[in-house]
Amino acid sequence: MNLLDFSNSIEGYLLVSSILLTLGIFSVLTRKNAIGILLGVELILNAAGINFVAFSKFHLAALDGQMVTLFIILIAAAEAAVALAIILRFYRLKQTIDADEASLLRN
Amino acid sequence: MKWILLVAELLTVGSALIVAINPNILYSAVFLLFSFLGVAVMYLFAGADFLAGVQVVVYVGGVTILILFAIMLTQWLYRLKLKDIGSKFVVPGVVLALGLVPFLHRGLTELGKMVQAAPPEKMAEFAGSPKTALIGKALLTNYLLPFEAITILLLGALVGAVWLARPKA
Amino acid sequence: MLGVGALLRPKSIPTRRGTQAYECGEDPIGSAWVKFNIRFYVVAIIFIIFDVEVAAVLPVATQFKEAVLNGGAGLVFAELFLFIALLILGLIYCWVRGDLEWVKGVTLNAPKK
Amino acid sequence: MPANSALFAQSLTQWTQGTWFASVPIWVWALVSALLVIYMLALPFGGIATYVERKIAADIQDRIGPNRVGPLGIFQFAADAIKMISKEDYVPPGGDRFLFNIAPVLVVVGSCAGFVALPLAQYLVAGDINIGVFYIMAITTIIAPGILLGSWASENKWSLLGGLRSAAQIVSYEIPVALSILPVILISGSLQMGEIVKQQGWQSGHFWNVFHNPFTLIAFFILFVGGLAETNRIPFDLPEAESELVSGFNTEFSGMRFGLYALGEFVDVFVMCALVTTLFLGGWQLPFVELDKFMITLPSGLIALIQVGFFLGKTFVMVFVVMWLRWTLPRLRVDQLMGLCWKGMVPIALFNILGTAIWMWAFKGQSMLQVALGLFSGGGSSH
């Protein structure tokens, strides 16, 4: 029962969100695949959303946090569409989506 | 009912773990879907009913499909070319991720103390009330400008993304 | 939540597998990897933007009736109108630039090298 | 309505106090009722729908149809089910076993979960969620990834092509569907299914939403056609076009897995038709009758039964139309499909929203009927 109570308090939400954040950063850094990096970014955005929603309920008991999460979700969708379009463009250019190959600007 | 929340949280974290460490990018995408669903259930339990719906519509129905399409467009059929883990940043990644843990733990415990928890009855009332109308009102008053800005940003994203993805004629 | 339980049953019954693997007769898979149409992806982009806009405008739409009855409908109507106008603009852009034409699809990346 | 259901729940808990019912935690009941919904409603509907579909097909083509198993072949679906369950559970050796397993589950979950929010009668809803319509819109989007993953996992070119077509089609037609739900939300000002149906009663003078104004009539047709396309039904069944793609995304699926796909499709058709009924055809409301007047004289159980009957009746009429269309219309070409969606239905649906909003504003939210009656009774004295 202890675990259950924990999961329903703000600490549970914060724990989940921090784990998502860590895994997202890990994923962003270790993936070679550009789409994999995008998956990591999505995890990070979700972590942020969880935090806002949790504080919206447990700290303020007001709507503002939820509004921010709503905007995060909306922007995340646009971001995913543009990022994947860039990845496809890059793939057409280089026949790969290995992010380490994306070094055109370096030379 | 708390059990469901716990299950959702475990689902979220477990799926996210698989997303992060599975070398097969397609599996990562599938488990990202489950992670999104778990987050949606968590939103429900935090009294964000409309947001849970938005989460499912946008992430599960939209972003996942987009990612799956992109994966299938860029991978050789059935042969996932990139064994994926192992960019130049593996070591820094692991180090940074491990290094974040104590900070996050610290932040977690400190924040838990700092949160001036709203009075329980107010919290329960907030969690139980339907949010759609409230969000609608907020979008028409306090958040009118950000909302319009975001709708215009979405139009820009549409134009830009379509321009980027368009095959050359 | 609902379906997992439902699925356990029908699936636990047919675990009786055939003794040998079914012969892969009809469709031999060559190495021919299909590069299908990138238009699938363009459609998905248009879809996600429209979807997101609809999701964002839903709470505003629920306020319209009340605003009509109690006054203040102008603001809600303006917001709805802007929403529709933006979607139409996006649609016109895609239409004019030929992103909605399905036939003249160009397959992505025929390997040139 | 919430007060009423709360009262109901309260009386239920009082009734169960002291018995062994009370000691069972609530989530067990939730699980049991969820399984009951699936097994008692979704599965029989899926089974019977296949039988009915075959019979209708036979009638239209002047054949007899299934007639061996039981009187008039009515147990054909049971025979089919037994056959499917006992069939070999084939997984293509080169395919992806995990995704192959999980894909049909996603499809069935996505379509069955929609059942929860459907208001069968005034007080008979599994869960009258306050984002009801949005919930159904959201949960049915899980079907598209399911189809896409299944087609990928079966390692078959035709499957993959069918799956991609299917996903692109489902995804595209979600837009006109969502856009033609919006006029209803403008009219009723709520996402809650029970509330939307309640406002379509005769006594509130609204009548059904189809007849609220000219634009909702168009929206009704767009929603129906879009639903048809979203469930991959016949004029839009390109993903399964036999002549082009063998059997589409489910080519490699056999036995119960195929059964799950088929079940998912039929249940999805039902949910779509029920959604159309709820939003536009007044749900459980009886036409031209104020049921509230009977509330006093008739037992509430009978009222509920009548309401369920009307709801299911309207829904099944829609389902019948869907099946009828299958043998009437030829299949579209893929470019026609996308053209119809993006160049036809989406602009019209956007125009509908604008039209409905203007109508609401101009006539203070009254329906055509109310406006006409107001004119008839002379000089707008009431408003």
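This is a predicted model: local features need pLDDT of at least 70, side-chain atom pairs count only at pLDDT 80 or more; totals for chains, interfaces and linings use all residues.

Author: Residues are numbered from 1 along each chain as its sequence is written, while chains are lettered from A and ligands numbered from 1 in the order in which they are written.

Reader: How many helices and strands does chain C have?

Author: Helices (H or I, at least four residues) and strands (E, at least two) are DSSP runs, numbered from the N terminus. Chain C has four helices and zero strands. Its order from the N terminus is α-α-α-α.

Reader: What share of chain C is buried?

Author: A residue is buried if 20 or more other C-beta atoms, placed from the backbone, lie within 10 Å of its own. In chain C, 43% of the 113 residues count as buried.

Reader: How many residues do chain A and chain B give to their contact?

Author: Two residues are in contact if their C-beta atoms, placed from the backbone, lie within 7 Å. Chain A gives 63 residues and chain B gives 73. On the chain A side, α4(A) gives the most, with 20 residues. That side has 42 nonpolar, 13 polar and eight charged residues. Here Ala, Val, Leu, Ile, Met, Phe, Trp, Tyr, Cys and Pro count as nonpolar, Asp, Glu, Lys and Arg as charged, and the others, Gly among them, as polar.

Reader: How many residues of chain B and chain C are in contact?

Author: There are 33 residues on chain B and 33 on chain C. The chain B side has 25 nonpolar, five polar and three charged residues.

Reader: What describes two packed helices?

Author: The angle between their axes and the distance between the axes. Axes are lines fitted to C-alpha atoms, for helices over the stretch in contact, and angles run from 0 to 180 degrees between N-to-C directions. Take α3(A) and α2(B): their axes come within 11 Å and cross at roughly 10°. Angles under 35 degrees count as roughly parallel, so α3(A) and α2(B) are roughly parallel to each other. Residues in this contact include Leu39(A) and Leu32(B).

Reader: At what angle do α7(B) and α4(C) pack?

Author: The angle is about 10°, with the axes 10 Å apart. These two helices, α7(B) and α4(C), are therefore roughly parallel to each other. Among the contact residues are Leu155(B) and Phe83(C). The contact has 11 nonpolar, two polar and one charged residue.

Terms used:
A residue is buried if 20 or more other C-beta atoms lie within 10 Å of its own, exposed if 12 or fewer, and partly exposed in between; C-beta atoms are placed from the backbone. Angles under 35 degrees count as roughly parallel, over 145 as roughly antiparallel, 65 to 115 as roughly perpendicular and the rest as oblique.
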